[in-house]
Amino acid sequence: SRNSVIDFLVTQVEIEGHYAVEGGKEIPAVLSRWVTRALRKKALLLKKKSAFSFGNAALGGENVLLLVSKNGKELEAVVVETTGTT
């Protein structure tokens, strides 16, 4: 669920009081590491499955849901079907 992803990301940030520790694991670095990694892994998997993918656009136009992996150690990106709403 969305809250479990947020909870996972919060545990990755080094916080002191109400703020991230400067020089520690700050929010932009945590997002870059965990979210970007999950999206890249899914894009690479889709690219390998499709003979018609171009460049790095394997996720282009796809709706993607982020989930905490079953082992709780990383995020996973899952392509979801659209319901026809925008």
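**Notes on the predicted model**

1. Helices here are DSSP runs of H or I with at least four residues, strands are E runs of at least two, and both are numbered from the N terminus. Ile 6 is partly exposed, at 42% relative accessible area; buried means under 20%, exposed over 50%, and partly exposed in between, with a 1.4 Å probe and protein chains only.

2. Some ground rules: this is a predicted model, where local features need pLDDT of at least 70 and side-chain atom pairs count only at pLDDT 80 or more, while totals for chains, interfaces and linings use all residues. Residues are numbered from 1 along each chain as its sequence is written, and side-chain values use heavy atoms, with hydrogens and water left out.

3. On confidence, pLDDT is the predictor's own score for each residue, from 0 to 100. The protein averages 79, and 77% of its residues reach 70 or more. Strand β2 (residues 19–20) comes out lowest, with a mean of 71, and β4 highest, at 92.

4. Overall layout: 2 helices and 4 strands, in the order α-β-β-α-β-β along the sequence. Of the 86 residues, 19% count as buried.

5. Now the hairpin. β3 and β4 run antiparallel and are joined by 6 bridges; strands count as paired if DSSP finds at least two bridges between them. Val 64 sits opposite Val 79 in β4. There are 6 residues between the two strands, and Gly 72 in the turn has a positive phi of about 75 degrees.

6. The salt bridge count is 1, where the rule is a side-chain nitrogen of Lys or Arg within 4 Å of a carboxyl oxygen of Asp or Glu. The pair is Glu 74 with Lys 41, and their closest N and O atoms are 3.2 Å apart. Glu 74 is in the loop between β3 (63–68) and β4 (75–80) and Lys 41 is in helix α2 (residues 27–49), so the pair ties together parts 33 residues apart in sequence. Both ends are partly exposed: Glu 74 has a relative accessible area of 22%, and Lys 41 is at 44%.

7. Back to Ile 6: together with Val 10 and Ile 15, Ile 6 forms a nonpolar surface patch of about 250 Å² accessible area. Patch members need over 30% relative accessible area and no salt bridge; like charges are joined within 9 Å, nonpolar side chains (Val, Leu, Ile, Met, Phe, Trp, Tyr) within 5 Å. Areas are Shrake-Rupley with a 1.4 Å probe, and for residues only the protein chains shown count as cover.
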